[in-house]
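Please look over the sequence and the structure below before reading on. The numbered points that follow are meant to be checked against them.

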Amino acid sequence: MKFTDMDMLQDYEKDTRMAALAYALIQTEIIDPTLRTIIGKASNEAAKAQQRVANLILSRGDRP
């Protein structure tokens, strides 16, 4: 089975989406405010990466 560049982009988009969700979920379990802030930033960065890749996929005429 051969994977195309689009397959790889869609897989990366899915992974970044899952990372954003996982970080947000983990954040709800953290009591320490400093660590909670760090994990919140990680969630935001994963969400930004997902948005950029989703926009790239959409601009290529496919869907995430």
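1. Helix α2 (residues 33–59) has 27 residues and spans 39 Å from its first C-alpha to its last, close to the 39 Å expected at 1.5 Å a residue. Helices here are DSSP runs of H or I with at least four residues, numbered from the N terminus, and the expected span is 1.5 Å times one less than the number of residues.

2. This is a predicted model, in which local features need pLDDT of at least 70 and side-chain atom pairs count only at pLDDT 80 or more, while totals for chains, interfaces and linings use all residues. Residues are numbered from 1 along each chain as its sequence is written, and side-chain values use heavy atoms, with hydrogens and water left out.

3. The buried residues of α2 (under 20% relative accessible area, with exposed over 50% and partly exposed in between, for a 1.4 Å probe and protein chains only) include I39, G40, S43 and A46. Among what covers the buried residues of α2 is α1 (5–29). Just after α2, G61 takes a positive phi of about 85 degrees.

4. E13 counts as buried at 2% relative accessibility, whereas R17 is partly exposed at 34%.

5. D11, K14 and D15 are linked in a network of salt bridges, with K14 meeting D11 at 3.5 Å, N to O, and D15 at 3.1 Å.

Definitions and conventions:
Helices (H or I, at least four residues) and strands (E, at least two) are DSSP runs, numbered from the N terminus. Contact means heavy atoms within 4.5 Å. A salt bridge is a side-chain nitrogen of Lys or Arg within 4 Å of a carboxyl oxygen of Asp or Glu.
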